[in-house]
Amino acid sequence: MGLLDLFITASMPVLKVLLITSLGLLLALDRIDLLGQDARKHLNNIVFFVLNPALVSSNLAKTITYESLKKLWFMPFNILFTFIVGSILGWVVLQITRPPQHLRGLVVGCCAAGNLGNMLLIIIPAVCKEKGSPFGDPGVCHTYGMSYASLSMAVGAIYLWSYVYNIVRISSSRSSKEVEINDSSASISSREGSISTESLLPAKAPPEQLGLPSTRFDHKTQAHLGTRLKQFMENVSRKINLKRLLAPSTTGAIAGFIVGLVPQIRKLMIGDVAPLRVIENSAILLGDGAIPLLTLIMGGNLLKGLTGSGIQKSLLLGIIVVRYIALPLIGIVVIKGAIRLGLVQHDPLYQFVLLLQFALPPAMNIGTITQLFGAGESECSVIMFWAYALASITLTLWTTFFMWLVS
């Protein structure tokens, strides 16, 4: 295929996303108001708790087996590498731009987490169906491509909801604590001149001077240390927050792996003659609504970005440079090195998916996360607006180049 043919093939999936996103933006306008702020919030909750877990679990249950995992073992490490490198580059952006505390988690999340689910599930089938695709027979390409996209979506969901979710949560909680401290500073300063009654009391003498045995003092010290250790463990458990770590999408991914990898369960649920196939069909039916609904919500959220807010231009530029220039270039080096070391199988479609994971726009679920915590919603809308507006150009160019590179 020539570069022009590859460019046309690569542009079709991106145009589909743009059309649906534009529809969501149109529905969010005040004159229509079908996707207002309250409607988007409720739809976000439905996607978060129902549709996303169904989408992840149903695709994984159908396509993931022990044989496929043996071939695809490098993908989870590749996605982890995108998160690590993106986080490091995001930290560099923070050092340069110095954004407010409540935006720090958002910036790192946008640099680290790409749209590893929805974009791949839209791009890969569309690329496979295009005439002259470099990936061979459309049916075979679609089957294997959906397997790669499903695993990418599942692993991406685990990393997103276990890492980015908690990064944004910690950032927003620290911001709220700073506000509380600032609000209480006036009342604290008003009491600075008062004399503490405790300072007038005599200092407590150590137990030895009072004639108490030293063992009693040791027991008290040990009890004090035990109390401090217990408090420390409680603080750590609250920060980790296992319930939040096991977000619905992560739980759906675990369920999909169990169904796909356990032969007895797979025979019961997967296939046209499976006794419990109605469960699989219901999950697929729910999951099919996740992608268009998420894309519509993203379009509605972009309305805020269209009107703009006080976000730093340098901050926005830093995220764009990280996601669309630095990460794709690093990805080429990583994948080419992995191929030379024999870590990646010689499958052009598989290599294409691995490369594409480095060039995707920020994950749309970051908007869901900011809405859940109420931190940086308008700024996230601006970032997503410009990131996805530029993705129509950058993603098309990188997709064209990646297809030429592996074909």
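Predicted model: local features only at pLDDT ≥ 70, side-chain atom pairs only at ≥ 80, totals over all residues.
Local features need pLDDT of at least 70 and side-chain atom pairs count only at pLDDT 80 or more, while totals for chains, interfaces and linings use all residues. Residues are numbered from 1 along each chain as its sequence is written, and side-chain values use heavy atoms, with hydrogens and water left out.

Start at asparagine 44. This residue sits in helix α2 (residues 37–63). Helices here are DSSP runs of H or I, at least four residues, numbered from the N terminus. Asparagine 44 counts as buried because its relative accessibility is 4%. Buried means under 20% relative accessible area, exposed over 50%, and partly exposed in between, with a 1.4 Å probe and protein chains only. What does asparagine 44 contact, leaving aside its neighbours within four places in sequence? The partners are Ile297, Asn301, Thr368 and Gln371. Contact means heavy atoms within 4.5 Å. Threonine 368 is 324 residues away from asparagine 44 in sequence, yet the C-alpha to C-alpha distance is 6.1 Å.

Next, the aromatic rings. The whole structure holds 15 aromatic pairs. Why is the pair of tryptophan 73 and phenylalanine 74 edge-to-face? Their ring centres are 5.9 Å apart and their planes stand at 90°, so the pair falls in that class. The rule covers rings of Phe, Tyr and Trp (its six-membered ring) with centres within 6.5 Å; planes under 30 degrees apart are stacked, over 60 edge-to-face, and the rest tilted. Tryptophan 73 is partly exposed, at 40% relative accessible area. Phenylalanine 74 is buried, at 10% relative accessibility.

Tryptophan 161 and tyrosine 165 make a tilted pair, with 5.7 Å between centres and 50° between planes. Both residues are buried. They lie about one helical turn apart, because they are four residues apart in helix α7 (residues 138–190). Ring pairs also join Trp161 and Tyr165 with Phe48 and Phe49 in a cluster.

Now a helix crossing. The axes of α15 (residues 313–340) and α16 (residues 348–356) come within 9 Å and cross at roughly 145°. Axes are lines fitted to C-alpha atoms, for helices over the stretch in contact, and angles run from 0 to 180 degrees between N-to-C directions. The crossing of α15 and α16 is right-handed. A crossing is left-handed if the near helix is turned anticlockwise from the far one by less than a right angle, and right-handed if clockwise. From α15 come Gly331, Ile332, Ile335 and Ile339; from α16 come Gln351, Leu354 and Leu355. These contact residues divide into five nonpolar, two polar and no charged. Ala, Val, Leu, Ile, Met, Phe, Trp, Tyr, Cys and Pro count as nonpolar, Asp, Glu, Lys and Arg as charged, and the others, Gly among them, as polar.

Finish with the cysteines. The structure has one disulfide, that is, a pair of cysteine sulfur atoms within 2.5 Å. Which cysteines does the disulfide join? Cysteine 128 is joined to cysteine 141, at 1.8 Å from S to S. The link is left-handed, with -60° about the S-S bond. Cysteine 128 lies in helix α6 (residues 118–129) and cysteine 141 in helix α7, 13 residues apart. Both are buried.

Cysteine 111 is buried, at 0% relative accessibility. For cysteine 380 the closest cysteine sulfur is also in cysteine 110, at 5.4 Å, so that sulfur is too far for a bond. Cysteine 380 is buried too, at 2%.

Conventions
Helix = DSSP H or I, 4+ residues; strand = E, 2+ residues; numbered from the N terminus.
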